[in-house]
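Thank you all for coming; I would like to walk you through one structure this morning. Please have the sequence and the model open while I talk.

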Amino acid sequence: DEVGISHPDGVAFLQSLDAESVDFVNLDLPWGIDYDSYQRRDKHELYDDTAEAAMTLAKAIIPEAYRVLKNDTWAVYWCGVQHAHIWAEMLERVGFKVNPVPKIWFKPNKGGSQGDAAKIETNVYECYLRLAKGDPRMFKKPVTNVLQYPMDTNDEREHSAQKPIDLCKDYLERYTFGNMFVVDPTYGSGRFLKAAKIL
């Protein structure tokens, strides 16, 4: 594959790896917010994004992500802020240290509205939880907990939840350095692994 190793099943791929063999894991699972009910199918693969399905997948992938990570390394878990506490509890149960303050990706070019504009603000950010196994250090510093990068344009997007390359490079530079082995078992648009290859 152009970005390294690819595999059709993220859980099976993690299971195939040796314990403590990975330097960083990016986790961007379905959020369990029933995305399909929004009826926005453009550039969105069909998957079950119900809360129950998201929980089932998380229960399979989170322990494996922890198992394959080396000690004193980082991982990232993207999630909807409305459910961050649920995922944080699950992540902590398997051994991750979860920073209680979510990190924010602010999208300055996000437009539109989600529902009645007279009653609901437009959502212009996504968040992730920073996870530690052991006592890792940050490689890029100083940094803030808000990352501001515009969304890719519709013409550039291959996936509904696509992250821009510069955003992926930014947090890779925070949590990894040099010739490290990074894994994204949730792949999506592949932007994270493309950013890793660039770096």
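**Strand pairing around Trp105**

Let me begin with Trp105, whose bridge partner in strand E5 is Glu126. Before going further, please keep in mind that this is a predicted model, in which local features need pLDDT of at least 70 and side-chain atom pairs count only at pLDDT 80 or more, while totals for chains, interfaces and linings use all residues. Residues are numbered from 1 along each chain as its sequence is written, and side-chain values use heavy atoms, with hydrogens and water left out.

When I say strand or helix, I mean a DSSP run, numbered from the N terminus, of at least two residues for strands (E) and at least four for helices (H or I); strands count as paired if DSSP finds at least two bridges between them. Strand E4, residues 103-106, pairs with E5, residues 125-133, in the antiparallel sense over four bridges. E4 is also joined to strand E6, residues 146-148, by three bridges, and here the strands run parallel. In E6, the residue opposite Trp105 is Leu147.

**Two buried residues**

Next comes Cys79, which is found in strand E2, residues 69-79. Is Cys79 buried or exposed? Cys79 is buried, with a relative accessible area of 1%, where buried means under 20%, exposed over 50% and partly exposed in between, using a 1.4 Å probe and protein chains only. Leaving aside neighbours within four places in sequence, Cys79 is in contact (heavy atoms within 4.5 Å) with Trp31, Ala84, Trp87, Cys127 and Leu129. Leu129 lies 50 residues from Cys79 along the chain, yet their C-alpha atoms are separated by 7.6 Å.

Thr176, in the loop between helix H4 (165-175) and strand E7 (182-183), is likewise buried, with a relative accessible area of 11%. A polar atom of the Thr176 side chain lies 2.6 Å from the backbone oxygen of Leu172. Not counting residues up to four places away in sequence, Thr176 touches Phe24, Phe139 and Val182.

**H4 against H5**

Finally, we come to the helices. The axes of H4 and helix H5, residues 191-198, come within 8 Å and cross at roughly 65°, where axes are lines fitted to C-alpha atoms over the stretch in contact and angles run from 0 to 180 degrees between N-to-C directions. Residues of H4 including Cys168 and Leu172 meet residues of H5, among them Phe192 and Ala195.

Terms used:
A polar contact is a pair of N or O atoms within 3.5 Å; within protein, one must be able to donate a hydrogen and the other to accept it, and residues adjacent in sequence count only if both atoms are side-chain atoms.
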